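Please read it alongside the coordinates.

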2 protein chains.
Amino acid sequence: MTELGRRERKKLQTRQSIADAALELFLARGFDDVGVKEVADRADVSVTTLFKHFPSKEALLFDEDAEMESSLIGAVRDRPAGTSIPAALRDHFIGAAEGHVDHPLFESFARLVESTPSLRAYQRTMWLRHEKALAEAIAAEIGAPPGDVRCAGLARFALEARDVIFSRPDRERAAAELFGLLEHGWQAQQQA
Amino acid sequence: MTELGRRERKKLQTRQSIADAALELFLARGFDDVGVKEVADRADVSVTTLFKHFPSKEALLFDEDAEMESSLIGAVRDRPAGTSIPAALRDHFIGAAEGHVDHPLFESFARLVESTPSLRAYQRTMWLRHEKALAEAIAAEIGAPPGDVRCAGLARFALEARDVIFSRPDRERAAAELFGLLEHGWQAQQQA
DNA sequence: TCAAAAAGTGCAATCACTACACTTTTGAAG
DNA sequence: CTTCAAAAGTGTAGTGATTGCACTTTTTGA
């Protein structure tokens, strides 16, 4: 379907080299102790080129973002019958995480982000980018107007819950507790 | 009570000049279009001095922070009998806001922050600084261990709720809706 | 085969922020 | 009233991320 020409392939390859170099160096020596110059050197590109591919140093570590939003929305829209929206979001988050847990770098990566304030901040704004879309998807599901406060709130709370959950050792339990709270509050709200 | 010597007074005065200059310039021309050099010049201090008083450009706009945490904790700990924790937090937030609403600059300030991503991010991390303390205060209230997930979650949700609420025109209503959700979820959780 | 678009480069500049070595002011002790 | 160390302030020179620019090389499509 999407046959890529040599140009596109090379471009992706360059991008990948840069991302790989960044991940390796950052994991080994920490985000703040590696300069972008060094990343560019290891990827054998110029700094200018690096910034043509990534908008910021932080972005070097957060690549996959296109499909994330659609799968998030999908989790709400196409949830199994009888499943509440909070439950669907909870399942989506832990399900998506399990797909990564086997990856040996995943935990180190999580630890790196966890321990670097600028990365935590960046990751969070990346997630919050989806807040509006998620809020609207929720509103559509319950037949509320697109700007509905409760839907915006639930969207925000769910994304933040994810953040809290992933910063905890006992993720399963944390997920159950936090989404349990949202679940009850949400159900109660639906009556009104 | 706290008699300040001339030195301390001058120091505070310098700090205030800087903060004033910053507020004026940022409100007039936007945060990103004013350099710290310019702020320092208008306050008639060197850039070095500016950074001795404030840790970052963003910090120029967020001064009051010392008592905020204690009043936040106090709102939970000393809440009127029969008031739930979420309700106490809601009242605290809207009460604190009302103390500022008369200030003519408050709305312009809110708009400035709202429209400047780096300021939004900074304000948020400022608030999240209190998350841990708030979580522990909540835990103490309900006799849970200090690291309890539900308390951490409620703390996070409440602080985020504040953020959502203040970005809305209909603050009163938004507060009622969002804290209503938290209230119900929290009560249900308390049964277990 | 050729011209325009795209990818990449190096250089210089901007901007927030820091380290440093320095001068001035001030509080307080003698 | 002196004196002296701490605190406040300064200018200079740096670092590190990020951008603008003018340039070369590659690739594509007519």
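1. Chain B superposes on chain A through a rotation of 179 degrees with 0.0 Å of shift along the axis, at an RMSD of 0.1 Å. The two copies are thus related as by a two-fold rotation axis. It should be kept in mind that this is a predicted model.

2. Each copy uses the same surface, since 100% of the contact residues of chain B recur in chain A. Within chain B, the residue that comes closest to the rotation axis is Gly185(B), whose C-alpha lies at 2.0 Å.

3. Along the principal axes, the C-alpha atoms of chain A fill a box of roughly 60 × 40 × 30 Å.

4. Chain A has 192 residues, of which 29% are buried. When contacts in chain A between residues at least 6 apart in sequence are considered, 57% of them join residues at least 24 apart.

5. Within chain B, helix H9 (residues 149-166) packs on helix H10 (residues 171-191) at an angle of about 170 degrees, and their axes are 9 Å apart. Because angles over 145 degrees count as roughly antiparallel, H9(B) is roughly antiparallel to H10(B).

6. Which residues of H9(B) and H10(B) meet? On the side of H9(B) they are Arg150(B), Leu154(B), Phe157(B), Ala158(B), Ala161(B), Val164(B), Ile165(B) and Phe166(B). On the side of H10(B) they are Arg171(B), Ala174(B), Ala175(B), Leu178(B), Phe179(B), Leu182(B), Trp186(B) and Gln189(B). By class, the contact of H9(B) with H10(B) comprises 13 nonpolar, 1 polar and 2 charged residues.

7. Between the chains, helix H10 of chain A (residues 171-191) packs on H9(B) at an angle of about 50 degrees, with the axes 9 Å apart. H10(A) is therefore oblique to H9(B). The crossing of H10(A) past H9(B) is right-handed.

8. In this contact, H10(A) contributes Arg173(A), Ala174(A), Glu177(A), Leu178(A) and Leu181(A), while H9(B) contributes Val149(B), Arg150(B) and Gly153(B). The classes represented where H10(A) meets H9(B) are 4 nonpolar, 1 polar and 3 charged residues. Arg150(B) deserves attention when the two contacts are read together: Arg150(B) is among the residues of H9(B) that meet H10(B), and Arg150(B) is also one of those in contact with H10(A).

Note on methods. Residues numbered from 1 in each chain as written. Chains lettered and ligands numbered in written order. Predicted model: local features only at pLDDT ≥ 70, side-chain atom pairs only at ≥ 80, totals over all residues. Axes fitted to C-alpha atoms, helices over the stretch in contact; angles between N-to-C directions. Helix = DSSP H or I, 4+ residues; strand = E, 2+ residues; numbered from the N terminus. Parallel < 35°, antiparallel > 145°, perpendicular 65-115°, else oblique. Contact = placed C-beta atoms within 7 Å. Nonpolar A, V, L, I, M, F, W, Y, C, P; charged D, E, K, R; others polar. Left-handed = near helix turned anticlockwise from the far one by under 90°. Least-squares fit on C-alpha atoms with pLDDT ≥ 70 in both. Buried ≥ 20, exposed ≤ 12 C-beta atoms within 10 Å, placed from the backbone.
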